[in-house]
Every structure is written in C-alpha cells, then in structure tokens.
Amino acid sequence: MTTRALPHPLVALLSAVRGVARTWSGRAGLAIVLLMVALAAAAPWIAPSGPLDLAGAALQPPSYLHPLGTDNVGHDLLSAVIYGARASLAIGCFAALIAFLIGGTIGALAGYLRGPVELVLMRIAELFQTLPVIIVVLFIVAVLGARFWLLIGAVALAIWPLEARIVYGQFVTLSDRPFVTAARAADLSTAHIVLREILPNALPPVIVQVALDASLAILISAGLGFLGLSDPSVPSWGELLNRGQSYLDSAWWMSVFPGVVICITVLGFNLLADGLNEAFNPRATATTARLQA
Amino acid sequence: MSSTDPCKTLLTARQVKVHLKVGDRIIRAVDGVDLDVRAGECVGILGESGSGKSTFGRAITRLLPNVALAHLSGEVTFDGHDVARMPEAALRSLRRRGGFSMVFQDPLSHLNPTRRIVAQMDEALRSIGDRDKLLAREADLLAQVGLSDIERVLRAYPHELSGGMRQRVLLAMALAAEPRLLVADEPTTALDATVQMQVIETLRRLNREQQVALLIITHNFGLVAELCDRVYVMTGGKFVEDADVFALFESPRHPYTASLIAAGRRLLQPGART
C-alpha cells in the first residue's frame, strides 16, 4: 500500500509561494496585488496631488497634466484613484480577515464537535448565505451609518459563511484521520487537538478562500460605494463611482477609470487565489505542467 | 512482577462477537472467538483479507469505532481486569501504563504530518515533567526499536522518514506506556522486504528481552513463522485452527489452513506460473 506523504503546511506554504510564481495566473495575480499594495502604501509620494487638493478646473478630460482627468470639483482623478486604493484594499483585507476569524471559528466548532452544535451553527451559516448580501449590508449601513470600520464589519458579515463552509468541510474530514483519533485516545485537550493537530492541516484551501474573500469584499464595498454607502471622509473607489454617476454622459472618465482599477484589482486577487490553489493542489499543478510542456 | 511469570494468562477473550451493519445487511465480522495470550508469549492471528482479524484486534483493545456496530458481545479480561465493561477512564490508565498498546499497518496516517516526531512523542510521555529526562527517555525508546541517528529522527517531520522508520517510531510510542501486551495489526505489510526484517527483529527483541507479549495480526506466513509461538487461523469471523507454529506448518489439521499454506508455497516457487 502506498500513501502519499503530506508535507508540513509551513513547508507547503513556502513552496506554495514558489508554486504561485510558477503558474502564469499566480504570477499575474501576485504582480497585480503587489502593485496595488505598493500604490496604496506609497500614495503620498507618487500621487501628483493630495486626495482633497483642488488640482485644476473641474471636469477636465484626460490630458498630460491630469492623465485620468479631473472630477466635478477639480480633484485630480489619478491621485483620487491612488489614494482610494488605501481604503479599498484595507476593506478587502480586513473584511477577509474578520470573515476568516468568524467563519473559521464557527466552521471549526461545527466540524469538530458535530451533533447539535453542527446542526445549529451550519444552519445559521446557511441562513446568512440565503440572504442577499447587498440587502444585508445595506440594512446595516442604513441603520448604523456609513462609517469605515462598520463597513468592514458589514462586508465581513456578508462573506463569513463561505469561509465557515470550507473550514467545516476540512474539519469533518480531518477529524476522522487516525492521528486525530490517536490524540483523542491520548486524552489531549480539545484546544490542543483543534489548534495543533487539525488546524495546520486544514489551512491550504482556507488560504485560497481568504484570497477569494478579499476580492469579493472589494467588489461588495465598491458596489456599496456606488450606491452612496461609503464613508465620505475616506476616499475610496466606490465613492468615486458614486460621484461619476451623475456625469456619465459628460465625463465618462470619472466612472471608467475607477471601474477599470476595481476590475483589475478583483481580477488580481482571483488570479492569486487560482495560483495558490494550483500550488497547494499537486494534481492541478501536474496538469498545468503537462500542458505547458 | 506478574509479567515475568510465563504461565500466567495475560489476555483472555471468550465468545467475542462483532456484527457490523452494512446498508441493511448484517455482517458477522467476528462470530464467537476464544483466545488466550500468556505473559511474554507471542501469538499470531493468521487470516486472509476480510476474515475479521483486524476487527477482532480492535474489539479486544476497545478501539472499535461504534458507528456501524450492530452487535458486540463477549468477555475480554486483561490481567484480571474486565476490559469489555471497563469505564473509559480506567481503560485510559491501562493504556497509559503497563497495559496494552497497539500498532497499525499504516504508520503515516497515524502521525500528524504537521508536527515533529519529538512533539508527538512528548504526548505519549506527558507524565514526565522534566525536559531533560523526557528527551533521554525518548532517545532511549527510539534506540530500543533499533533506530540510529536519533537526533535527526526526533527533529524530523513524518514525511522526512522512511516507512520503516515511521513504523519504528510508532512502535517506540507504543512502548512509551511500558505495555505488557502489544497488539500489532499488519505491522510489516506496508514495508518492503528488508525493512520488514528490521521490524521483525525489533519485535522479537522486545518479546525476548522485555517480555512484552505480542499479538500479531497478519496474512503474512513469513511473519508468523519468524515470530510466533502459537497461531490461530481465522476465516469468516471464526477461528478454525489453533496450534503450535511448528505443528501448524508441518501438519495443518483444517483444510482451510492447508490451502492457505499451499497457496503461500506456490507464490514462493518461480516455476509455478501458469
């Protein structure tokens, strides 16, 4: 009988980064995400003007001075897009992280404890999945106001069931593995079994889901911004879309450029998730290798 | 100590029955089996795949998963303790010290792929608080099962070890509890021939030098012939023959045993291809 040796997840994680760089989707995803992070981090140095500075006349089409044009007040759009990356990426990453923490905890509890706990927790997760995401977030924001951290929380609340389902599935399969049974028979604490025995083995698909969650969170927050539900004191891509709405027929650049940037970023996170998936999944990698050869 | 008394019966099983539910059929996996293992003895259970030998091994060590169980009955006593009706806590203390341990066929799936061997051995030896004593004991156990380069083994992850090394690491963990009986379910089946011999040698030394009684569950004639004093032959959930190992190979009484031996011989003869 031959059993495939599973590498240590940390080893797997390191080789995954290398694996991500091997597939074209991983390379592209990694490049886009790193570029966006660099833009957000270096905004004050590379943006031509501040996010709230009046840089010129209002509603200027793209020109040498203003490569992406100016908006209805006279802000430079390139600067607005660069500064907007900060809020949008922050929402994406923090919402994905919070969704991972909530969904991970609930999925792990349900998958490990089973029985009535599983029944209740997974039905709650399914309930959240059946509610239309936008409506849930709209409701929260409408009742509690459009503050930055509240938006992150609302988006996380909308996407945590995805994370819960993945973690739950992993825990159900791994709980039956002999080394987990052995740890139970040896009377080790539940915390030890969940955190040390099962969790490290469950991580690869969960990490892929976190990358997908980040792209989803960016998309949802942009959608909310378009509908006017974004923190007005923090410049974001969604807010730019909202302001562009009224000028669609006269100043197309106000909507098109933020939209394109959102598309590229979401695509970047999805490609990164694709690359991670292929790197973690040896069979997928093998297929790719054969296709490329 | 009772373990050095060679005549004392260590493990007794009487009329053990395990019936499993498969769909709406009931499979009599183990159907009324009697077995005795004396202290320091080496006993084999020989049978083909599906004969119920593994189920029986798990039943007497109370390691049966109770999901598909339709019926479970019988008497099992270990050193005077009623194993079959023992509360879970007492069972754990028996497993933890001076009782019985078990080794399985597939060592890889019984080790956590994400943790170093040393961390996993720590769990088997939790009663030792002192770090230096703990490491010394771990090194001692690994040496007992014939592993060299112990530093490297302790620091390794399971996937960095060969199959034979993993099996011996599991043996070392099983020995951490100083068991008087070691139940080994196909301990060499997943290993190649040379490594099989090393594991057999290790088991023999444990049996000879530390008087650990062995219950070897296998379909492998060679393993039984190498190690065991006495053999039970199992088929269809029942023991059909129980004999001294030499007597069994010389003159099998039951036709099933005879056909098993004949089949084994044919496999060994290169000219027997048809």
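Here are some notes on strands, helices and a few individual residues in chains A and B of this predicted model.

1. Four strands make it up, in the order E2-E1-E4-E5, and their pairing is antiparallel. Strand E2 (25-38) and strand E5 (81-82) of chain B sit at the edges, each pairing on one side only. Strands in a sheet pair through backbone hydrogen bonds, in either a parallel or an antiparallel sense.

2. Within that sheet, have a look at strand E1 (residues 9-22) and strand E4 (residues 69-78) of chain B, which are joined antiparallel over 8 bridges.

3. Helix H1 (residues 53-60) of chain B lies across E1, E2 and E4 of chain B, and the helix runs at about 120° to E1(B).

4. While you are on strand E1 of chain B, stop at B:Gln15, which is found in that strand. B:Gln15 is not a glycine, yet its phi is positive, at about 50°. Is this residue, B:Gln15, buried or exposed? B:Gln15 is exposed, because 11 other C-beta atoms lie within 10 Å and the cut-off for exposed is 12 or fewer.

5. B:Glu186 lies in a loop, between strand E7 (181-185) and helix H7 (193-210) of chain B. B:Glu186 has 21 C-beta neighbours inside 10 Å and therefore counts as buried, the threshold being 20 or more.

6. Next comes a glycine, B:Gly99, in the loop that links helix H2 (88-96) to strand E6 (100-103) of chain B. With 21 C-beta neighbours inside 10 Å, B:Gly99 is counted as buried. Which residues does B:Gly99 contact, leaving aside its neighbours within four places in sequence? They are B:Phe78, B:Leu94, B:Ala177, B:Pro179 and B:Arg180. For B:Arg180, the separation along the chain is 81 residues, while the C-alpha atoms of B:Gly99 and B:Arg180 are 5.6 Å apart.

7. Strand E3 (residues 42-47) and strand E9 (residues 230-235) of chain B pair in the parallel sense over 5 bridges, and B:Ile45 stands opposite B:Tyr232 in E9(B). E9(B) is also joined to strand E10 (residues 238-244) of chain B, by 6 bridges in an antiparallel run. One pair to pick out there is B:Met234 with its bridge partner B:Phe239 in E10(B). E9(B) and E10(B) form a hairpin with 2 residues between them, and B:Gly236 in the turn has a positive phi of about 55°.

8. Finally, chain A has a helix pair worth a look. Helix H10 (residues 237-244) and helix H11 (residues 253-280) of chain A pack with their axes 8 Å apart, at an angle of about 155°. That angle makes H10(A) roughly antiparallel to H11(A), since the cut-off is over 145 degrees. The crossing of H10(A) past H11(A) is left-handed. Residues that meet include A:Trp237, A:Leu240 and A:Leu241 from H10(A), and A:Pro258, A:Val261 and A:Ile262 from H11(A). By type, the residues of this contact of H10(A) with H11(A) divide into 7 nonpolar, 3 polar and 1 charged.

Terms used: Residues are numbered from 1 along each chain as its sequence is written. Chains are lettered from A and ligands numbered from 1 in the order in which they are written. This is a predicted model: local features need pLDDT of at least 70, side-chain atom pairs count only at pLDDT 80 or more; totals for chains, interfaces and linings use all residues. Two strands pair if DSSP finds at least two bridges between them. Two residues are in contact if their C-beta atoms, placed from the backbone, lie within 7 Å. Axes are lines fitted to C-alpha atoms, for helices over the stretch in contact, and angles run from 0 to 180 degrees between N-to-C directions. Angles under 35 degrees count as roughly parallel, over 145 as roughly antiparallel, 65 to 115 as roughly perpendicular and the rest as oblique. A crossing is left-handed if the near helix is turned anticlockwise from the far one by less than a right angle, and right-handed if clockwise. Ala, Val, Leu, Ile, Met, Phe, Trp, Tyr, Cys and Pro count as nonpolar, Asp, Glu, Lys and Arg as charged, and the others, Gly among them, as polar.
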